[in-house]
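The exercises below are meant to be worked through with the sequence and the coordinates side by side. Each task is followed by a solution that goes step by step.

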Amino acid sequence: MMSENTGVMKENTLEPSLWISRYADAMLNFAFRRTSDLTLSEDLVQETFLSALKARDNFKGNSQEKTWLYAILENKITDHFRSSNYRFQKQKLAIDEVFFSHYFESKEQGGHWHEDQKPKNWENLAEDDPTTDGEALSNAIENCLKKLPQKLARIFILKHVEAYNSEKICKELDITSSNYWVMIHRAKLQLRACLETNWFEL
Amino acid sequence: MKLNLYQKYLRLTCQEATLLITKRQETSLTPQEKLKLRFHLSLCIPCTRFAKQMVILEDSIARFFKSSTNPTQQFSAKKKADLEKIIDQNS
C-alpha cells in the first residue's frame, strides 16, 4: 500500500526540465491540427509552458503531468478562437443568396444548376485518369480545404479532429442547427467544385 | 389541379434538393422531404451525380483527417533551445 502511494506521487509531479523533450513536438502537432497555423501553434505551445509554470502551485497531482499540460493547451486554443482578435480577422461570408446564385439559377428561372456548374460524371473521369488514386485525392482535398473560408473549414476540424457532434459544434460556433446545415452545405458545394477542377482536370 | 399538387407537394429546385442531400447525410429527413427528394432525383441527372459525389466527398474528408493524425510538424532545434531557456528562466 505504502509503496503504491509513493509510486503515484512520483508519477504525478512536474518536471519542467523534461517538458520540451517529452511533449513539445506532440503538442505542436496537437495545436497545428486544430488551427492549421504553424506560427500560431508554436506560440500557443510556448504560452502553455509559461502558464503551466506560473500555475505550477495549482498542480495537485490528481492528474498526470501530460494531461494537465494538454488541458492548458486546449484552453489556449479555445481562447484563441473565441478572442475578439480572431473574430475580427475572419472573413465575412457572402450572404446565402449571393453564394448560391453562383451555382444555381434563381427560383424564378427554375432553380436549376447553371450549365457550367453542373456536376460532371466522376466515374468516367476517374477511369480515364491514372492519377486518381487515394493519394492524389487526399492532396486535392488538402488544397481545397485550404481554399475554404476559415469559418467553414473550422466546422470540419471540429467534426473530424475534435469529433464533436453537430449539437456541440453549433454551441461552440454559436449558430442554429439550420445555420449549420447551410454552412456545411456551402462548404461541400465549394469543395466539390474545387475537387472537380483540381483533381479531375489536372 | 394536378400541377398544383405537384407545385405544393413535390416541387424542389436543384438548390433545395442539394441542401436536402446534405441534410440527409448529417441527420435525417422528414417523410415529406424524403418523398420530394426521391421524386427530384428520379428526374434530375446533375443532382443524382451530386448525391453520389457527396458520399465520396464525405468519405475522403474523413480519411484525410484520419491520415493527417500522423505527427508532421516539429520545432526547429533553435526554437527548442529557446524554449528550454524560457522554461529554465521561469522555473
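Among contacts in chain A between residues at least 6 apart in sequence, 62% join residues at least 24 apart, a contact being a pair of residues whose C-beta atoms, placed from the backbone, lie within 7 Å. The model is predicted, and local features need pLDDT of at least 70, side-chain atom pairs count only at pLDDT 80 or more, while totals for chains, interfaces and linings use all residues. Residues are numbered from 1 along each chain as its sequence is written, and chains are lettered from A and ligands numbered from 1 in the order in which they are written.

**Exercise 1. Describe the secondary structure and burial of chain A.**

Chain A comes to eleven helices and zero strands, where helices (H or I, at least four residues) and strands (E, at least two) are DSSP runs numbered from the N terminus. Of the 202 residues in chain A, 23% are buried; a residue is buried if 20 or more other C-beta atoms lie within 10 Å of its own, exposed if 12 or fewer, and partly exposed in between.

**Exercise 2. Which residues other than glycine have a positive phi near 55°, and where do they lie?**

Most residues other than glycine have a negative phi. Asp174(A) has a positive phi near 55° and lies in the loop between α10 (166-173) and α11 of chain A. Asp174(A) counts as exposed because 8 other C-beta atoms lie within 10 Å. Ser36(A) likewise has a positive phi, of about 55°, and sits in the loop between α2 (19-35) and α3 (38-54) of chain A. Ser36(A) has 15 C-beta neighbours inside 10 Å and therefore counts as partly exposed.

**Exercise 3. Characterise the packing of α9(A) against α11(A).**

Helix α9 (residues 150-160) of chain A packs on α11(A) at an angle of about 100°, with the axes 10 Å apart; axes are lines fitted to C-alpha atoms, for helices over the stretch in contact, and angles run from 0 to 180 degrees between N-to-C directions. That angle makes α9(A) roughly perpendicular to α11(A), since angles of 65 to 115 degrees count as roughly perpendicular, under 35 as roughly parallel, over 145 as roughly antiparallel and the rest as oblique. Leu152(A), Ile155(A) and Phe156(A) of α9(A) make the contact with Met183(A), Ile184(A), Arg186(A) and Ala187(A) of α11(A). By class, this contact has six nonpolar, no polar and one charged residues (Ala, Val, Leu, Ile, Met, Phe, Trp, Tyr, Cys and Pro count as nonpolar, Asp, Glu, Lys and Arg as charged, and the others, Gly among them, as polar).

**Exercise 4. What covers the buried residues of α2(B), and how does α2(B) pack with α4(B)?**

Helix α2 (residues 14-26) of chain B has 13 residues, and its buried residues include Leu19(B), Leu20(B) and Ile21(B). The cover of its buried residues includes α6 (96-101) and α11 (177-198) of chain A, together with α3 (31-43) and α4 (45-67) of chain B. With α4(B), α2(B) packs at an angle of about 30°, the axes being 10 Å apart, which means that α2(B) is roughly parallel to α4(B). Among the residues in α2(B) that meet α4(B) are Cys14(B), Ala17(B) and Thr18(B), and the residues of this contact divide into eight nonpolar, two polar and one charged.

**Exercise 5. How many residues of each chain are in contact across the two chains?**

In chain B, 34 residues are in contact with 40 residues of chain A. On the side of chain B that touches chain A, α4(B) supplies the largest share, twelve residues.

Technical notes
The expected span of a helix is 1.5 Å times one less than its number of residues.
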